[in-house]
Amino acid sequence: MSDFSIEYILNRAGEKYDGTNGSLGVRQQQQQQQQHLEQQHDQLQQLQGNQQATFMDQIPVLDWLQYTRYHPPKLQRTLRQGPAKRTPGRLPRIPFTPTQLQALESAYKASNYLSAEDANKLADSLDLTNTRVKIWFQNRRARERRDRREKDESYDSTLSSNASSPEPDDVIDIV
């Protein structure tokens with residue numbers, strides 16, 4: 001019989017290693033595990049009123065076997081303390097006040113584009129930086145283009161849906 005046959009590996013290979021230093025630790029672990037399982041079995045029988053315990057009752061439940069990539073363990077998360085982290089060198093977001101927004105909107109209604117001089121004057125009067133005023137105008141123009149595009153698309157879809165439906169004159173009654 002070859003040393004690589006399944007029968008040899010399952011039945012006879014262990015005989016070579018019995019009593020060697022390498023097998024002593026393994027044997028001791030196996031005996032301890034067996035004793036532990038027997039103790040659990042005894043405790044389980046006492047709890048169940050000496051009823052017959054099934055094989056599945058003897059197997060320890062290993063929670064870590066239940067975890068997968070899509071079912072990870074529930075871990076307690078630490079709550080953040082203090083202010084939110086942001087990119088180094090970046091200032092926190094400061095929203096515009098209602099009076100600043102009103103002044104910016106009225107300036108936008110007067111002209112969609114500001115000259116450098118008008119942008120500087122408006123920034124000084126609102127206590128804002130020139131850059132914030134310019135960016136607000138860019139964003140406002142972009143919002144207007146987006147709203148106009150969405151309005152045109154909804155109007156076009158309304159026209160196409162009306163064009164595909166038959167007119168009342170085209171309906172033929174079959175009796």
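Tutor: In this predicted model, the protein chain has six helices and zero strands. From the N terminus on, its elements run α-α-α-α-α-α.

Student: Why is R140 called buried?

Tutor: R140, a residue of helix 6, has a relative accessibility of 15%. Buried means under 20% relative accessible area, so R140 counts as buried.

Student: Which residues does R140 touch, leaving aside those up to four places away in sequence?

Tutor: With that exclusion, R140 touches E105 and Y108.

Student: Why does R145 count as partly exposed?

Tutor: R145 lies in helix 6, which covers residues 130-164. The class of partly exposed runs between the limit for buried, under 20%, and that for exposed, over 50%. R145 has 44% relative accessibility and therefore counts as partly exposed.

Student: What makes the surface patch that includes R145 positive?

Tutor: The patch is formed by R143, R145, R146 and R149. Arg counts as positive, and therefore the patch of these arginines is a positive one.

Student: Why is Y67 called partly exposed?

Tutor: Y67 lies in the loop between helix 3 (55-58) and helix 4 (98-110). Its relative accessible area is 38%. Because this value falls between the limits of 20% and 50%, Y67 is partly exposed.

Student: Which contacts does Y67 make, not counting residues up to four places away in sequence?

Tutor: Y67 touches P72 and P73.

Student: What share of the protein chain counts as buried?

Tutor: Of its 175 residues, 11% count as buried. The accessible surface of the chain comes to about 16200 Å², and 53% of that surface belongs to carbon and sulfur atoms.

Terms used:
Residues are numbered from 1 along each chain as its sequence is written. This is a predicted model: local features need pLDDT of at least 70, side-chain atom pairs count only at pLDDT 80 or more; totals for chains, interfaces and linings use all residues. Side-chain values use heavy atoms; hydrogens and water are left out. Patches are made of residues with over 30% relative accessible area and no salt bridge: like charges are joined within 9 Å, nonpolar side chains (Val, Leu, Ile, Met, Phe, Trp, Tyr) within 5 Å. Accessible areas come from the Shrake-Rupley method with a 1.4 Å probe; for residues, only the protein chains shown count as cover. A salt bridge is a side-chain nitrogen of Lys or Arg within 4 Å of a carboxyl oxygen of Asp or Glu. The place of a charge is taken as NZ of Lys, CZ of Arg, CG of Asp or CD of Glu. Helices (H or I, at least four residues) and strands (E, at least two) are DSSP runs, numbered from the N terminus. Buried means under 20% relative accessible area, exposed over 50%, partly exposed in between (1.4 Å probe, protein chains only). Contact means heavy atoms within 4.5 Å.
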